[in-house]
Amino acid sequence: MAKRLTYMILAGLVLGIVVGWVLNATIANQAQLKAIAGYLSIVTTVFLHMIKMIIAPLVFGTLVVGIAHMGDTAALGRVGLKSVGWFLSASLMSLTLGLILSHILQPGAALNLPLPPATESSGIDRSAFDVAKIITHIFPTSIIDAMATNEILQIVVFAVFFGVAITSIGERAVPLVKAAEGLVAVMLRVTDYVMRFAPYAVFAAVAATLAEEGPGVIGKLAYFMGSVYLGLALLWVFLG
C-alpha cells in the first residue's frame, strides 16, 4: 500500500505540472488563472485540515498507551527526563540549523514576493515571549482547549500525567488502557484514510501554483525543496 501511494503521489505531481502548465499557456487572463488556482487550493486546504485533525488524538493515544505499558514509574521518570532533554535539544538544533540555512541559501528569494512595510504588524504578540509565560503555557488549563488548538506540548504534558495516573491505579484503569489502545488503532486507520487523499492534494497544489505563476516557478520551487531536504539531511546527521 505504501509503495502504491508513493507512485500515486508522484503521478499527482506530474499530472499537476502538466495541467498547471497547460492552464497557464492557454489562459491569458491573470484574474481567471487566479480564480482557478483558488478553486484548486480548496483541495490542498482540506487535506491540510485533515492532517491537523488527526494530530491531537494520535499523540495523546500513543503516549498514554506507551506510558501505561511501561508500568515502572521510576523508569518512566528517567525516560521522561531524557525525552524532554531530547525534545529541547532537537528543537534548538533544528531552529538554529534552519536560521543558518535560510540565511545562506535564501530559498524564497527567487520567488520575488512583495515585502510588507516595515511598520506592518506581523500578527505575533511579542509580549508573550518571556520566560514566565513560556513555562506556564506548557501546562494546559483545559485538555479540550489544547486539543482544539493543537497545542502539542500541552497535550504531551496532560498525556504524561494521565498515563502515570493509569499506571499508579493498576487494574481499575485497565478499561482506560484498552480504550486508549482502541483510540490509537482507530486513529492509525484514519491516518491511512487521510493519506490516501495526498495524491489529489499534491496535484491541486502543483497545478494551482503553475497555473498562476507559470513554468518558471518549477526551478524556484525545486531549489526551495532542495534546501528543505538539505536541511533535513543535515539535521538527521547531527541528531543521529
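A nonpolar core is a set of buried Ala, Val, Leu, Ile, Met, Phe, Trp, Tyr and Cys residues joined through side-chain atoms within 4.5 Å; buried means under 20% relative accessible area, exposed over 50%, and partly exposed in between (1.4 Å probe, protein chains only). The model is predicted, with local features requiring pLDDT of at least 70 and side-chain atom pairs counted only at pLDDT 80 or more, while totals for chains, interfaces and linings use all residues. Residues are numbered from 1 along each chain as its sequence is written, and side-chain values use heavy atoms, leaving out hydrogens and water.

**View 1. The largest nonpolar core.** This core comprises 14 residues, and F60, V64, I155 and I166 have the most contacts inside it. Two or more residues each are given by α2 (30–70), α6 (152–169) and α7 (174–195), where helices are DSSP runs (H or I, at least four residues) numbered from the N terminus. Helix α2 supplies the largest share, six residues. Another core, of six residues, lies apart from it and includes I54, M187, V194 and A198.

View 2. Not counting residues up to four places away in sequence, F60 touches M147, I155, F158, A159, F162 and L183 (contact: heavy atoms within 4.5 Å). The structure holds five aromatic pairs, defined as rings of Phe, Tyr and Trp (its six-membered ring) with centres within 6.5 Å; planes under 30 degrees apart count as stacked, over 60 as edge-to-face and the rest as tilted. The F60 and F158 rings are stacked because their centres are 6.0 Å apart and their planes lie at 25°. This pair links helix α2, which holds F60, to helix α6, which holds F158, across 98 residues. F60 is buried at 13% relative accessibility, whereas F158 is partly exposed at 27%.

**View 3. The R196–D192 salt bridge.** The structure holds one salt bridge (a side-chain nitrogen of Lys or Arg within 4 Å of a carboxyl oxygen of Asp or Glu). The side chains of D192 and R196 meet in it at 2.9 Å, N to O. R196 is partly exposed, with a relative accessible area of 41%; D192, at 26%, is also partly exposed.

**View 4. S227 in helix α9.** Helix α9 (residues 217–239) contains S227, which is buried at 11% relative accessible area. Beyond its neighbours within four places in sequence, S227 is in contact with L105 and P107.

**View 5. An aromatic cluster.** One aromatic cluster is formed by F47, F197 and Y200.
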